[in-house]
Amino acid sequence: MDLAYVLVYVGLALMVLLSGIGSAIGVSKGGNATIGALKKREDAFGSYMLLSALPGTQGLYGFAGFFVMNLKLATLGTVTMLHGAAFLGAGLSLGLVALYSAIQQGNITANGIAGISSGYDVFGKTMILAVFPELYAIVAFAVTFLISNSI
């Protein structure tokens, strides 16, 4: 197999792998906070669940990026080293940004869940603050889309 194809498939794998790991860590942080919060205030489970699920979107961005780049791969005749570098760059950029933003979003939502369980009305404020790390994952997905269009 040609090195260019290796770079393409490593880029695709990193895109899905890193974003999925970040989402798994982020939703686990929210889930762990929810378990602790249920001991104090079980009636707020709906709020806990919504906040816990937020970091899962980064994994979806990784899958969407994979889909976009895989469609591009299907249209290429021959894969050059430049193509391989573009796929690797897209995979690293989306994968790493999604990994980090999901973990940080999980930290924010876990703190919000703890605040709600302590009786504070912070659901809406937590949702707003949790969007900030998400924006960077969206930007990284947009970069992946732009890379696919430039190939």
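At what angle do helix 1 and helix 3 pack, and how far apart are their axes?

Modeller: Bear in mind that this is a predicted model. Helix 1 covers residues 3-40 and helix 3 covers residues 57-75; they pack at about 165°, and their axes are 7 Å apart. An angle over 145 degrees counts as roughly antiparallel, so that's how helix 1 and helix 3 run relative to each other. As for handedness, the crossing of helix 1 with helix 3 is left-handed. On the helix 1 side, the contact is made by Val8, Tyr9, Leu12, Met15, Val16, Ser19, Gly20 and Ser23, while helix 3 brings in Thr57, Gln58, Gly59, Gly62, Gly65, Phe66, Met69, Asn70 and Leu73. Sort the residues of that contact by type and you get eight nonpolar, nine polar and no charged.

Gln105 has a relative accessible area of 1%, so it is buried.

What about charge pairs? Searching the whole structure turns up one salt bridge. Its partners are the side chains of Asp43 and Arg41, at 3.3 Å from N to O. Asp43 is exposed, with 63% relative accessible area, whereas Arg41, at 28%, is partly exposed.

Technical notes. Residues numbered from 1 in each chain as written. Predicted model: local features only at pLDDT ≥ 70, side-chain atom pairs only at ≥ 80, totals over all residues. Heavy atoms only, no water. Axes fitted to C-alpha atoms, helices over the stretch in contact; angles between N-to-C directions. Helix = DSSP H or I, 4+ residues; strand = E, 2+ residues; numbered from the N terminus. Parallel < 35°, antiparallel > 145°, perpendicular 65-115°, else oblique. Left-handed = near helix turned anticlockwise from the far one by under 90°. Contact = heavy atoms within 4.5 Å. Nonpolar A, V, L, I, M, F, W, Y, C, P; charged D, E, K, R; others polar. Buried < 20%, exposed > 50% of the residue type's maximum accessible area, 1.4 Å probe, protein only. Salt bridge = Lys/Arg side-chain N within 4 Å of Asp/Glu carboxyl O.
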